[in-house]
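Dear colleague,

Here is the structure I said I would pass on to you, and below it I have set out what was found on going through it. Please read the notes with the structure open beside them.

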Amino acid sequence: MFRVQLYKIQKKKKTKILRPCFPLHKKPTMSSSTASAAAGTSQEESFPPPPVPVPAADPASTSSSLGGGGGGGMTQAYCFSSGNPRIEETRGVMHLFPDDAVSSSSSDLPVGRKPLICVFGVPDHMTYADFCRFCASFIHHILEMRIVRTDGMEDRYSILIRMDGQDSTDNFYRYFNGRRFNSLEVEVCHILYTVDVQYTGYKGSVEQPQTSPVATSEQPSCPVCLERLDQDTSGILTTICNHSFHISCISKWSDSSCPVCRYCQQQPEKSICFVCQTSENLWMCVICGFVGCGRYKGGHARVHWKETHHCYSLELETQRVWDYAGDNYVHRLIQSKTDGKLVALNSHCMHSTDGCGSCNCANSGLNEALLTSKVEFIVKEYEDLLDTQLENQKLYYETLLQEFEEETEREISEAVEMALGTNSKVQKKQAKLDECVREKKFLDELNENLMANQGIWKAKLLEAEERERSALRAKDDKIQQLEEELKDLMACLEEGNSN
């Protein structure tokens, strides 16, 4: 007997640890509220979340049979969630056929498969319109699409798709599985056949619970075209924040946020405190953008207020503005826990303690005048507030500029003093340099004179050598002449002796 374990994500200090959650070996049992919500539509044909809050069921009771309706093969279970975490959150489990149970040939497709598939791990930078354009050739076969977050997968989401028939589902799988989302990316479409989708819990507001769509005689309408959300006429796409639209309407919405509540499926990067680098309980200054931690952490946001007198700070988790000077929140808009919209605070009648519903105020003109005066007062209050903050910001930056100028002047004076301190050494070096220059000039002149004298003496030497050579030649000629005369005299004397 095979047992498949579902893994859940345990967050602890930014480290995600995978651990077994529960074995999947029992038949699913539905809570009473979930069963009544699914009375009109079987679980195999649709996957709407429970519209009313239901308690989280035991994990073992939400596990499903691994056969998936006669399949007999192993399946993989993944926990998922949907909804705006600050407003509501729906959790569930989807059971998928693994990759090794599916091949490209129709004969090897999973036995007992349904017209329900899951596009697994879609990059979150792909908007709803991008995915609709990606699968545009099969868009008329899609009855419903639901965007969910899969536990343990960051920067990605999954799409549960219910088709109008098994043939179109198989063709969709063969055509898109393994295909790249576009030619510029390496990400490919990963499709798995879905055995079952079960919803295990709901967390959100219980003040205004929504009624089940199947329990009312009137179908909900598309927020874009205001037409009824009827699967027989047009496919339905449910965003990650649990708002439903016609696929043809949402495919024209190019933004990654929801048209109703503006919740963005592509979450921004997590901010950190500029001082202690923590990512919890963060506040951002609405004037200069400084991000610091709250008073229950390091209190750096409050320290920033004391240093700069920027008294308005935005809490990043709840998007509420805090006034440090008044020590209270200053926002006049609140976020509805029902649909996530920003709505104005309810105004109360001054003649009654529980609002205008129990008061017999018949003078609508007076009420309108009071409302107009209140609006004008609020506008004036915010104008004064803006002027004050701008003036404070001006003084703050002027103070920074003055400090910068003073620091610059101090650095200049220090540089001048340092230059004056080294001036004596520079003068000594300059005097020595001048003396060396003068000595070099004298030596150059002396060298020029010696070179000129050398030429003169060379000419005189040549002339003396020429005279010496001339005297030697004259002396040699005279010696030769005397030798000849002596020879003639000796010859005469020898001839006289002989006679």
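**The second largest cavity**

The second largest cavity has a volume of about 50 Å³, and it is one of two cavities of 30 Å³ or more that the structure holds. Please keep in mind throughout that this is a predicted model.

The residues that line this second largest cavity are Trp 283, Met 284, Cys 285, Phe 290, Ala 301, His 304, His 310, Tyr 312, Ser 313 and Tyr 324. At least two lining residues come from each of strand E11 (282-285), helix H5 (300-308) and strand E13 (312-315), and the largest share, three residues, is supplied by E11. Sorted by class, the lining has seven nonpolar and three polar residues, with no charged residue.

**Salt bridges**

Over the whole structure, the search finds twelve salt bridges, and I describe some of them here.

The side chains of Glu 280 and Lys 297 meet in a salt bridge, at 2.8 Å from N to O. This pair links distant parts of the chain, 17 residues apart, with Glu 280 in the loop between helix H4 (247-250) and E11, and Lys 297 in the loop between strand E12 (291-293) and H5. Glu 280 counts as partly exposed because its relative accessibility is 46%, and Lys 297, at 44% relative accessibility, likewise counts as partly exposed.

Within helix H2 (residues 128-134), Arg 133 and Asp 130 lie three residues apart, which is about one turn of the helix, and they form a salt bridge whose closest N and O atoms are 2.4 Å apart. Are these two partners buried or exposed? Arg 133 has a relative accessibility of 55% and therefore counts as exposed, whereas Asp 130, at 26%, counts as partly exposed.

Helix H7 (residues 423-498) holds another such pair, Glu 463 and Arg 467, which lie four residues apart, again about one turn of the helix. In the salt bridge between Glu 463 and Arg 467 the closest N and O atoms are 3.3 Å apart. Glu 463 is partly exposed, with a relative accessible area of 48%, while Arg 467 is exposed, with a relative accessible area of 52%.

With best wishes

Terms used
Residues are numbered from 1 along each chain as its sequence is written. This is a predicted model: local features need pLDDT of at least 70, side-chain atom pairs count only at pLDDT 80 or more; totals for chains, interfaces and linings use all residues. Side-chain values use heavy atoms; hydrogens and water are left out. On a 1 Å grid over the protein atoms alone, a cavity is a set of points where a 1.4 Å probe fits but cannot get out, and a pocket is an open set with protein on both sides within 12 Å along at least five of seven lines; lining residues have an atom within 4 Å of a point. Grid points are joined across faces, edges and corners, and a volume is the space filled by probe spheres set on the points. Ala, Val, Leu, Ile, Met, Phe, Trp, Tyr, Cys and Pro count as nonpolar, Asp, Glu, Lys and Arg as charged, and the others, Gly among them, as polar. A salt bridge is a side-chain nitrogen of Lys or Arg within 4 Å of a carboxyl oxygen of Asp or Glu. Buried means under 20% relative accessible area, exposed over 50%, partly exposed in between (1.4 Å probe, protein chains only).
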